[in-house]
Amino acid sequence: MAKAFAKGLLLSALFSLLAACNDPQSRQIDIDGKTMGTFYSVKVSGDIAISPQQLRRQIDAVLERANDDISTYRADSVLSRFNQSRSADPQPIPRGMADIILMAQRIGRDTGGAMDITVGPLVNLWGFGPDKRVVKAPDARQIDAAKQNVGLQHLKLLSDSRGEWLQKDLPNMYVDLSTLGEGYGADELVRLMARNGITNYLVSVGGAVSSRGVNGQGKPWRVAIQKPTDRENAVQALVDLQGYGISTAGSYRNYFEQDGHRYSHVIDPTTGRPIDHRLVSATVIAPTALEADGWDTGLMVLGSEKALKLAEEKGLAVYLISKTDEGFSAVMTPQFKAFLLQ
Ligand code: FAD
């Protein structure tokens, strides 16, 4: 199964979708497509002043622009050109990309560096970047060498009357925005809905989802958090987002195995190695999908105890699932409980 598609399964609007399809009275438009190596979905209900064809064109244009800006899978994106450059001079970046980096710096600081968008050299070394899989885990010498090019303190975001600029003081730095891109994409779709005066929608890019209002049956959109296993698709919890964004990071669907050991795509920047603890998924609800998408990876790196403590300190809406000897156990903050449907 494709890795990014797998993440899209962690959160789904499955129930809203089935309900809408079975109801001939439903006034709902569903538009699906591919972006960022994964899938997007847009569902809108009620009266809208735009045709589904026009809406699809606008959606594709917005997501295409996001790929052109921040994809490390496109050699000519703004981000790839920044990564390829060895210059220490500030380089111009689009406003949206600056917003992502600002959020990454904030969450990076708040998680004590657990979420670090400069982790790219390590992600690539472990085979989870655009160059894909490695068949063998790297050795300590390779990990130490990659770590020399990692560190948020080496990346500066500048702003002046002409626009936004990004600057690095390590020539071989590689910024990886994969952990935030889906959230940013979902927020871009939310902004598109607002520009079109659409107030009832559920949008998702991969595992980042945002919704507002009601579905075609006049009921709240329901988003399912799924059980953390690569075999089942059972529902763990259902939430109504009420205009917020949600995202899940998991260690169990994007990994490789060597000598009976599983190596996850979530990397701990401190050790330079994939995380190796019992927290298997972190789901976050936040005012924007971008923010939720940033926190979920940071919390995954921290592990359940530190993640819960930080979530409580920061007042975050968080749902953590850990592996136990008997199966799985879940814990949530009171802020998350407020979104639960059952
Ligand atoms: P998340 O949990 O949200 O993030 C995990 C990812 O973040 C890791 O895979 C790694 O890249 C990075 N990461 C790991 N550890 C850390 C850390 N400590 N701090 C910060 N980041 C970390 N994939 C394709 O196969 N083909 C494509 O064409 C393609 N295009 C893309 C275009 C864009 C604009 C983006 C944003 C992503 C694209 N991807 C593509 C990647 C893919 O779709 C997922 O976004 C990516 O694999 C992250 O997966 P996730 O959301 O499941 O994981």
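1. Two strands pair if DSSP finds at least two bridges between them. Strands here are DSSP runs of E with at least two residues, helices are runs of H or I with at least four residues, and both are numbered from the N terminus. With that in hand, have a look at Pro92, which stands opposite Trp165 in S6.

2. A quick word on what you're looking at. This is a predicted model, where local features need pLDDT of at least 70 and side-chain atom pairs count only at pLDDT 80 or more, while totals for chains, interfaces and linings use all residues. Residues are numbered from 1 along each chain as its sequence is written, and side-chain values use heavy atoms, with hydrogens and water left out.

3. Now try S16 (residues 279-286). Eight of its eight residues are buried, meaning under 20% relative accessible area with a 1.4 Å probe, protein chains only. S16 pairs antiparallel with S11 (residues 245-250) over six bridges, and Gly250 has Ser281 as its bridge partner. Six bridges also join S16 to S17 (residues 317-323), again antiparallel; there, Val284 is partnered by Val318.

4. What surrounds the ligand? The shell holds 29 residues, and the closest are Met36, Ala114, Asp176, His265 and Ile267; a residue is near if one of its heavy atoms lies within 4 Å. Helices H1 (3-10), H3 (52-70), H8 (178-195) and H9 (289-302) each supply at least two shell residues, and H8 gives the most, with four.

5. A backbone N or O atom of Met36 sits 2.4 Å from a ligand oxygen, one of Ser178 sits 3.4 Å from a ligand oxygen, and one of Ile267 is 2.8 Å from a ligand nitrogen. The protein covers 93% of the 960 Å² of accessible area that the ligand has on its own (Shrake-Rupley method, 1.4 Å probe).

Definitions and conventions. Buried < 20%, exposed > 50% of the residue type's maximum accessible area, 1.4 Å probe, protein only. Polar contact = N/O pair within 3.5 Å; in protein donor to acceptor, adjacent residues only side chain to side chain.
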